[in-house]
Amino acid sequence: MTKALSAEKKLYHYKATVLRVVDGDTLDTRIELGLFVEITKRIRIYRVNAPESYGKAATLEGQAAKLWAKTELQGKNVILQTYLDHDDKYGRLLANVFYEGPDGTQVNFAQRLVAAGHGRIARG
């Protein structure tokens, strides 16, 4: 098996609804697991950092990133793409987030966040 095929087998996709935008790179979601089973889980956008919007590290840029993310995602149905269903050190599920754009195409939220100037690609 090639590395690409091996890596692809480690990806999982779930339907979810964004319940709350915590900040530019963190979301509270309701995830559909199938057979009418749902969980509520905090999501951290995979490999993207946005400025902080609250606490001691809060910035005006963080507030702007949060507001922009709310406009993009609040209440929307999304697809979560996770890697081995792995949580970060804060218990958040690491995931890419995709949603339907106005023209019906699939939008990668992380790419839009970075392109809009509200986040940057994380190292590692």
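**Figure 1. Contacts of Asn-96 in the predicted model.** Asn-96 touches Tyr-46, Ile-79, Leu-80, Gln-81 and Tyr-83, leaving aside residues up to four places away in sequence. The model shown here and in the other views is predicted. Asn-96 sits in strand β6, residues 93-100. Its relative accessibility is 10%, under the 20% limit, so Asn-96 counts as buried. One of its neighbours, Gln-81, is also a polar partner: the side chains of Asn-96 and Gln-81 are joined by a polar contact of 2.9 Å.

**Figure 2. Leu-80 and the largest nonpolar core.** The largest nonpolar core holds 24 residues. Leu-80 is among those with the most contacts inside this core, along with Leu-27, Ile-43, Leu-73, Val-78, Val-97 and Phe-109. At least two core residues come from each of β1, β2 (26-34), β3, α2 (60-73), β5, β6 and α3 (109-115). Nonpolar side chains tend to be buried together in soluble globular proteins.

**Figure 3. The largest pocket.** The space in this pocket is about 210 Å³. Its lining has 14 residues; closest to the centre are Asp-25, Arg-44, Glu-52, Tyr-90 and Arg-92. By class, the lining has eight charged, four nonpolar and two polar residues.

**Figure 4. Arg-92, a pocket residue in a loop.** Arg-92 is among the lining residues closest to the centre of the largest pocket. The loop that carries Arg-92 runs between β5 (77-87) and β6. Arg-92 counts as buried because its relative accessibility is 15%, under the 20% limit. A polar contact of 2.7 Å links the side chains of Arg-92 and Asp-88. Not counting residues up to four places away in sequence, Arg-92 touches Thr-26, Arg-42, Ile-43, Arg-44, His-86 and Asp-87. Of these, Arg-44 is also among the residues closest to the pocket centre.

**Figure 5. Gln-106, an exposed strand residue.** Gln-106 lies in strand β7, residues 106-108. At 60% relative accessibility, over the 50% limit, Gln-106 counts as exposed. Gln-106 touches Phe-98 and Tyr-99, with residues up to four places away in sequence left out. Gln-106 and Ile-79 are 27 residues apart along the chain, and their C-alpha atoms are separated by 9.6 Å. Ile-79 is also one of the residues that Asn-96 touches.

Technical notes:
Residues numbered from 1 in each chain as written. Predicted model: local features only at pLDDT ≥ 70, side-chain atom pairs only at ≥ 80, totals over all residues. Heavy atoms only, no water. 1 Å grid on protein atoms, 1.4 Å probe; cavity = no way out; pocket = protein on both sides within 12 Å on 5 of 7 lines; lining within 4 Å. Points joined across faces, edges and corners; volume = space filled by probe spheres on them. Nonpolar A, V, L, I, M, F, W, Y, C, P; charged D, E, K, R; others polar. Helix = DSSP H or I, 4+ residues; strand = E, 2+ residues; numbered from the N terminus. Buried < 20%, exposed > 50% of the residue type's maximum accessible area, 1.4 Å probe, protein only. Polar contact = N/O pair within 3.5 Å; in protein donor to acceptor, adjacent residues only side chain to side chain. Contact = heavy atoms within 4.5 Å. Core = buried A, V, L, I, M, F, W, Y, C linked by side-chain atoms within 4.5 Å.
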